[in-house]
Amino acid sequence: MKDILREREQRTGWLLTIPALLILALVFAYPIVRAFWQSLFVQNLGTQLNPEFTGVANFGRMAQDGRFWRTMFNSAVFTFSSVFLELILGMGIALVLNQQFRGRGAVRTIAILPWALPTALIALGWTWIFNDQYGIVNDILLRFGLIKTGINWLGDPTLAMISVTLADVWKTTPFISILLLAGLQSISNDLYEAQAIDGASPWQSFRQITLPLLMPQVVIALLFRLAQAFGIFDLISVMTGGGPGGATETVSLYIYSTIMRYLDFGYGAALVVVTFLLLVFAVAIAAYFLTRSRAKAAGEI
Amino acid sequence: MTTVFPDAIISKKPRAKIGRKIVLPMAIALTVIFCLAPILWQLLTSVKLNADIAAIPNVYFPTRYTLDHYRELFQRRPFLNYILNSAIVSFASTLLALGVGAPAAYALARLRLQGERWILAAVLIVTLFPPILLFLGLLEVVRYLQLGNNYLALIIPYTAINLPLTILVMRSFFQQLPKDLEDAAKVDGYSTPRMLLEIVLPMTIPALVTTGILTFISAWNEFIFALTFITREDMKTVPVAGAQLGGASPFEIPYGPLAAATVLGTIPLVLLVLFFQRRIVQGLTAGAVKG
């Protein structure tokens, strides 16, 4: 009797799960598996778009490809600087949103707004903000007498990278604030009271209570943000198109042009494979730290 | 709700009190300005006359306003189509994600599937894949099935992108749901599908709304698939069409219409956030933290 019920439960379970698994397999698993296979072929205009087997030659070409290394470097710079700034700013905003004050609901609403808006359109807004002639950034700097002539933010290699990073920080800091706020709310007040009786300053209680107990949330936020920032496409594509002179070209932009502009499908697939493996590697490391930080946070309560 | 530094303790210390009186309001003000200023600047630009847009130094408080930039979007471009396309694709993929994801979440929460852990792990890892890794493979599928310039070319990938979040959020919801009702229904002889539809589904609606809002937002905002799989002008979605507005001529960038497009494309989402702030926060944290 029990076995029959259990079996029926299993069958229902699979029936309910399989449609979801099929869609996931089609959209996630197939393209990745396919990229691994396709990366072993040359398929570009030179072969008249017919696939020709080459083994691992595409990966050898990648090792020699200066543009690939430069885009990797750009992606790394963009990812680390934007996520680092977002984490600090997000923590600050989360601490503010966790205080009690009148109108807190309204401020929380405002604080998640940037995250919800379409990145491509927001990128248009930031392009306008950094405009060299009429941009508001230059206008403010001019008014305060900090610069004499307008800066060409998106036309200078370093400044362009800074500009896209800032735009990304604006767009995704709310995501981190929301996650950290949830963590802050779950920390018991008693801990702070006990600390305060011991005469600890706010900074000390932040260091000794808030930060360690918030660690799991911090690592989760980092995990999501590192993966997203490394795959950034829309923001940079709209703001600079990878320019000037490739200064803001990230790996995703390079993958996109390799495939859509140069029609170099085999090499594009190889780029996909390498980016995928890097991401899996990074996620594995982060997941390891996540389990550790969770165990540690649990230990400290 | 807890606070980081409870008032009762802080009031004992004069320095901390000053902190609460001055630093907190300043921090709040900075947060609000930081989040709103770029949006407001775009809104202001969208209603300025061209002369004011190109004025140096910038005009912060224009004396004249215009809706011409908005009019231009609808007259010179099929902007209504863009909005409708985005709406259709986002609604359809949201419904599909909920319809396919919620049952799966229920099974993963309640039915002790074999290999449950593996499924969950896969679902979780998949959330971290950026779409750039998928578009080459999907492009082939789209070509093979001749789905180019078809809503389905976007609806299916968007459903898939949103499935992990749907499954994780709904699963954590089902786990919190008391099991008594389901057990009682089984005793009364309900079959599982009937029990799901008549007993579980009505209780699930709030969680479905929460998840649906998140999936709608992410579908509305998607860029790379919409850019690649849709090339017909009147089939484009708002983000892609907006991004391509400026590209028409490099010398005369239509700042006003660009700003107007940004405003129009973001309004639906601004409204969602205004009405459902709490749900969005709940859903996001449930999706990320529970997983």
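## A walk through chains A and B

Chain B averages a pLDDT of 84, and 90% of its residues score at least 70; pLDDT is the predictor's confidence in each residue, from 0 to 100. Over residues 5-12 of chain B the pLDDT is below 50, and beyond near neighbours in sequence this stretch has 13 contacts in the model. Contact here means that the C-beta atoms of two residues, placed from the backbone, lie within 7 Å. For the complex, the predictor gives an ipTM of 0.88 and a pTM of 0.88. This is a predicted model, so keep the ground rules in mind: local features need pLDDT of at least 70, side-chain atom pairs count only at pLDDT 80 or more, and totals for chains, interfaces and linings use all residues. As for labels, residues are numbered from 1 along each chain as its sequence is written, while chains are lettered from A and ligands numbered from 1 in the order in which they are written.

Let's take chain B on its own. It has 13 helices and 0 strands, where helices (H or I, at least four residues) and strands (E, at least two) are DSSP runs numbered from the N terminus. Of its 291 residues, 46% count as buried. A residue is buried if 20 or more other C-beta atoms lie within 10 Å of its own, exposed if 12 or fewer, and partly exposed in between, with C-beta atoms placed from the backbone. Among contacts in chain B between residues at least 6 apart in sequence, 77% join residues at least 24 apart.

Chain B splits into domain 1 (7-69) and domain 2 (71-289), with bounds that come from an automatic or database domain assignment. The C-alpha centres of these two domains of chain B lie 32 Å apart. Where they meet, 10 residues of domain 1 of chain B are in contact with 9 residues of domain 2 of chain B. On the domain 1 side, the elements giving two or more residues are α2 (14-46), α3 (50-53) and α4 (68-76) of chain B, and α2(B) gives the most, with 4 residues. By class, that side has 3 nonpolar, 5 polar and 2 charged residues. For these classes, Ala, Val, Leu, Ile, Met, Phe, Trp, Tyr, Cys and Pro count as nonpolar, Asp, Glu, Lys and Arg as charged, and the others, Gly among them, as polar.

Now look at helix α10 (residues 192-221) of chain B. Its 30 residues leave the end C-alpha atoms only 37 Å apart, short of the 44 Å that a straight helix would reach at 1.5 Å a residue; the expected span is 1.5 Å times one less than the number of residues. Follow the axis and you'll find that α10(B) bends by about 55 degrees at L201(B), with a proline, P202(B), following within four residues. The bend at a residue is the angle between axes fitted to the seven residues ending there and the seven starting there.

On to the meeting of the chains. The contact takes 84 residues from chain B and 84 residues from chain A. Helix α13 (residues 255-289) of chain B gives the most to the chain B side, with 19 residues. That side has 65 nonpolar, 19 polar and no charged residues.

P239(B) is buried, with 31 other C-beta atoms within 10 Å. Not counting residues up to four places away in sequence, P239(B) touches P118(A), A120(A) and L121(A), along with N221(B), F223(B), A226(B) and G265(B). One of these, N221(B), is 18 residues away in sequence and 6.6 Å away in space, C-alpha to C-alpha.

Over in chain A, 8 of the 11 residues of α11(A) are buried, so this helix is largely enclosed by the rest of the structure. Among the buried ones are V251(A), Y254(A) and I259(A). Just after α11(A), L263(A) takes a positive phi of about 50 degrees, although L263(A) is not a glycine. Most residues other than glycine have a negative phi. L263(A) lies in the loop between α11 (251-261) and α12 (265-300) of chain A and counts as partly exposed, with 13 C-beta neighbours inside 10 Å.

Q48(A) also has a positive phi, near 55 degrees. You'll find Q48(A) in the loop between β1 (41-42) and β2 (52-53) of chain A, where it counts as exposed with 8 C-beta neighbours inside 10 Å.
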